Amino acid sequence: MRLGGIDAPETAQPFGQRSKENLSRLVFNKDVRVEWEKRDKYKRIVGKVWVQPASCPTCPITLDVGHAQITVGMAWWYRKYAKDQSPEDR
């Protein structure tokens, strides 16, 4: 799966390992909801992953993992694919 609308450093690049660890912390061993509409050229699903916010164990699944990665500086918005996103996601 590829998170739509974001780009993150590769593991060997600066902050790559930290980005991967943060993403793992957000989703590992948690229930997720995946929303997607397409696949990329490698046949990976491209979409959003939603989880329950760690700060609210009684809340529903409302945290967009890709947006969370951008918010904490572990990924960038991927302008190249902005046209594939809804206006509110841009």
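Author: Here is a short tour, one topic at a time. Keep in mind that this is a predicted model.

Reader: Okay. Which residues make up the largest nonpolar core?

Author: There are eight of them: L3, I6, L26, V49, V51, V65, A68 and A75. Strand 4 and helix 2 each supply at least two residues of this core. Helix 2 spans 65-71.

Reader: Pick one of those. What does I6 touch?

Author: Leaving out residues up to four places away in sequence, I6 touches G66, Q69, I70, A75, W76 and Y78. A75 is also one of the core residues.

Reader: Now S19. Where does it sit?

Author: S19 is in helix 1.

Reader: Is S19 buried or exposed?

Author: Buried. S19 has a relative accessibility of 4%, and the cut-off for buried is under 20%.

Reader: Which residues does S19 touch?

Author: A8, P9, Q69 and M74, again not counting residues up to four places away in sequence.

Reader: Switching topic. How many salt bridges are there?

Author: Two. In general, side chains of opposite charge can pair when their charged atoms come close.

Reader: Which residue pairs with R33?

Author: E35 does. The closest N and O atoms of R33 and E35 are 3.4 Å apart.

Reader: Why does D40 count as buried?

Author: Because its relative accessibility is 17%, and buried means under 20%.

Reader: Got it. How many disulfides does the structure hold?

Author: One. C56 and C59 form it, with their sulfur atoms 1.8 Å apart. As a rule, a disulfide is a covalent bond between the sulfur atoms of two cysteines.

Reader: Is the link of C56 and C59 right-handed or left-handed?

Author: Right-handed, with 75° about the S-S bond.

Reader: Let's go to the surface. Which residues form the nonpolar patch?

Author: M1, V32, V34 and W36. Together they have about 350 Å² of accessible area. V32 lies in strand 3 and counts as partly exposed, at 40% relative accessibility.

Reader: What about I61? Where is it?

Author: I61 is in the loop between strand 4 and strand 5. Strand 5 covers 63-64. I61 counts as partly exposed, at 27% relative accessibility.

Reader: What is I61 in contact with?

Author: Setting aside neighbours within four places in sequence, I61 is in contact with D31, V32, R33, W50, V51 and Q52. V32 is in the nonpolar patch, R33 is in a salt bridge, and V51 is in the largest nonpolar core.

Reader: How far is I61 from E35?

Author: 12 Å in space, C-alpha to C-alpha. Along the sequence they are 26 residues apart.

Reader: And V72 from E35? How far is that?

Author: The C-alpha atoms of V72 and E35 are separated by 22 Å. Along the chain, they are 37 residues apart. V72 sits in the loop between helix 2 and strand 6, and it is partly exposed at 48% relative accessibility.

Reader: Last topic: backbone angles. What is phi of F15?

Author: Near 70°. That is a positive value in a residue other than glycine. For background, most residues other than glycine have a negative phi.

Reader: Where is F15, then?

Author: In the loop between strand 2 and helix 1. F15 is exposed, with a relative accessible area of 51%.

Reader: What is phi of K43?

Author: Near 70°, a positive value, and K43 is not a glycine. K43 lies in the loop between strand 3 and strand 4.

Reader: Why is K43 called exposed?

Author: Because its relative accessible area is 61%, and exposed means over 50%.

Notes. Residues are numbered from 1 along each chain as its sequence is written. This is a predicted model: local features need pLDDT of at least 70, side-chain atom pairs count only at pLDDT 80 or more; totals for chains, interfaces and linings use all residues. Side-chain values use heavy atoms; hydrogens and water are left out. Helices (H or I, at least four residues) and strands (E, at least two) are DSSP runs, numbered from the N terminus. Buried means under 20% relative accessible area, exposed over 50%, partly exposed in between (1.4 Å probe, protein chains only). A salt bridge is a side-chain nitrogen of Lys or Arg within 4 Å of a carboxyl oxygen of Asp or Glu. Patches are made of residues with over 30% relative accessible area and no salt bridge: like charges are joined within 9 Å, nonpolar side chains (Val, Leu, Ile, Met, Phe, Trp, Tyr) within 5 Å. Accessible areas come from the Shrake-Rupley method with a 1.4 Å probe; for residues, only the protein chains shown count as cover. A nonpolar core is a set of buried Ala, Val, Leu, Ile, Met, Phe, Trp, Tyr and Cys residues joined through side-chain atoms within 4.5 Å. Contact means heavy atoms within 4.5 Å. A disulfide is a pair of cysteine sulfur atoms within 2.5 Å.
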